Amino acid sequence: MRALTLITGKGGVGKTTVASALALELSRRGKEVLLVSTDPSGALAQIFPGVGDEVRRVAKGLSVVELTRRAVLARWRRRFGEEIYQVVSSLLPLERDVLDYIEGVPGIEQEFMLSYLLEAANSGEYAQIVWDAAPTAATLSLLEAQRLFYSHLTQAHKLYLKLRGYLKGADPSQLIEGWRRLTLDILEMLRTRSEAWVVAQPERLPVVQGLELMQALREFGIPLGKAVLNRFLPEDCPRCGPYQSKLARQRRWAESWYAGCPQNSVTLPELTKETIDREALRELALLLLEDDSGSTHA
Ligand SMILES: Nc1ncnc2c1ncn2[C@@H]1O[C@H](COP(=O)(O)OP(=O)(O)OP(=O)(O)O)[C@@H](O)[C@H]1O
Ligand SMILES: [Mg+2]
């Protein structure tokens, strides 16, 4: 298992649940784990009450942080200060407020989020980082942001000339080189130290989107860790028609899922407990980590 595990999939399929279960179990097995959520829904606080945008220890070996957009941008501003405002604002029309530019430039926020993960990965504090990423589209745009950012930076020479007259004090070539290196480091982290776990439910949209996401991740160069099919209904069902037809539908979509990712599938059951507590998470985690060598559905 690679050091950064990215948990992704369509909205509502169980990403936060899977990420929490995995992080808890890995820490229980003695790893020092950081669970990072960039999911704006705040669902992580349901599982770990009191988590926020500062890293917080919630169990032995497990730290959790809920990284809001606001926290990431504030952190970045503290670190790069005025210089970055000047660079960004020099690339865009100047009538608008510089802060608005910073927050509105496509990819900038995602770049900041990724740099947070890179720092955490490089800090040496954690053996494993589990990243509960935002839903599918946002995750993809995050990866796209990397391409975008990099293509901006390849025009660094033009940028330099443009900035030289504009920046007072700061050396634009140094700034650009710093950004370029950061982007390369992030790309390298994503491609060599990360794996993606794609979560879906056995239904049409989550399966179709999940399989598309796997393809996009593959093209980007991030290997698939596990393909998690969550909330599968039990076989022995009550004598009721709707349940039967839902089960039949689930089986059909499960077949598409298994066909798309035959090596890495794990199936998790629909849990019947009122709340998903730590015991329930453990049950899921044991299934998630049961067999690293192949499929568990056969
Ligand atoms: N195996 C399961 N059995 C029963 N309920 C589950 C299971 N997995 C997840 N849930 C429930 O489904 C809901 C959505 O799960 P979760 O918040 O993990 O999804 P998500 O993919 O993170 O959603 P979002 O895209 O909104 O961030 C939660 O109420 C969670 O408790
Ligand atoms: Mg979530």
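**Figure 1. Ser-194 lies in strand E6, which spans residues 194-200.** Helices (H or I, at least four residues) and strands (E, at least two) are DSSP runs, numbered from the N terminus. This is a predicted model, in which local features need pLDDT of at least 70 and side-chain atom pairs count only at pLDDT 80 or more, whereas totals for chains, interfaces and linings use all residues. Residues are numbered from 1 along each chain as its sequence is written, chains are lettered from A and ligands numbered from 1 in the order in which they are written, and side-chain values use heavy atoms, with hydrogens and water left out. Ser-194 counts as buried because its relative accessibility is 0%; buried means under 20% relative accessible area, exposed over 50%, and partly exposed in between (1.4 Å probe, protein chains only). The side chain of Ser-194 reaches the backbone oxygen of Leu-190 at 3.5 Å. Beyond its neighbours within four places in sequence, Ser-194 is in contact with Arg-2, Leu-4, Met-189, Ile-222 and Pro-223, where contact means heavy atoms within 4.5 Å.

**Figure 2. Arg-2 belongs to the segment before strand E1 (4-9).** At 29% relative accessibility, Arg-2 is partly exposed. The side chain of Arg-2 reaches the backbone oxygen of Ser-194 at 3.0 Å. Arg-2 and Glu-195 are 193 residues apart in sequence, yet their C-alpha atoms are 6.0 Å apart in space. Not counting residues up to four places away in sequence, Arg-2 touches Gln-128, Arg-191, Thr-192, Arg-193, Ser-194, Glu-195 and Pro-223.

**Figure 3. Glu-195 is placed in strand E6.** Its relative accessibility of 11% is the reason why Glu-195 counts as buried. The side chain of Glu-195 reaches the backbone nitrogen of Arg-2 at 3.1 Å and makes a polar contact with the side chain of Trp-197 at 2.7 Å. A polar contact is a pair of N or O atoms within 3.5 Å; within protein, one atom must be able to donate a hydrogen and the other to accept it, and residues adjacent in sequence count only if both atoms are side-chain atoms. The C-alpha atoms of Glu-195 and Ile-7 are separated by 8.7 Å, although the two residues are 188 residues apart along the chain. With residues up to four places away in sequence left out, the residues that Glu-195 touches include Met-1, Thr-5, Leu-6 and Gly-225.

**Figure 4. Val-198 is a further residue in strand E6.** Val-198 has a relative accessible area of 0% and is therefore buried. Val-198 and Gly-225 are 27 residues apart in sequence and 8.0 Å apart in space, C-alpha to C-alpha. When residues up to four places away in sequence are not counted, Val-198 touches Thr-8, Gly-210, Leu-213 and Trp-257, among others.

**Figure 5. Ligand 1 is shown with the 16 residues that surround it.** The closest of these residues are Gly-12, Thr-16, Thr-17, Asp-39 and Leu-271. A residue is near a molecule or strand if one of its heavy atoms lies within 4 Å of it. A nitrogen atom of ligand 1 is 2.9 Å from a polar backbone atom of Pro-269. On its own, ligand 1 has 640 Å² of accessible area, of which the protein covers 76%. The elements that give two or more residues to the shell around ligand 1 are helix H1 (15-28) and E7; H1 supplies the largest share, 3 residues.

**Figure 6. Ser-20 is located in helix H1.** With 0% relative accessibility, Ser-20 counts as buried. Apart from its neighbours within four places in sequence, Ser-20 is in contact with Leu-35, Leu-44, Ile-47, Phe-48 and Leu-281.

**Figure 7. Arg-231 has a positive phi of about 65 degrees although it is not a glycine.** Most residues other than glycine have a negative phi. Arg-231 is situated in strand E7 (residues 224-232). A relative accessible area of 35% makes Arg-231 partly exposed.

Methods
Accessible areas come from the Shrake-Rupley method with a 1.4 Å probe; for residues, only the protein chains shown count as cover.
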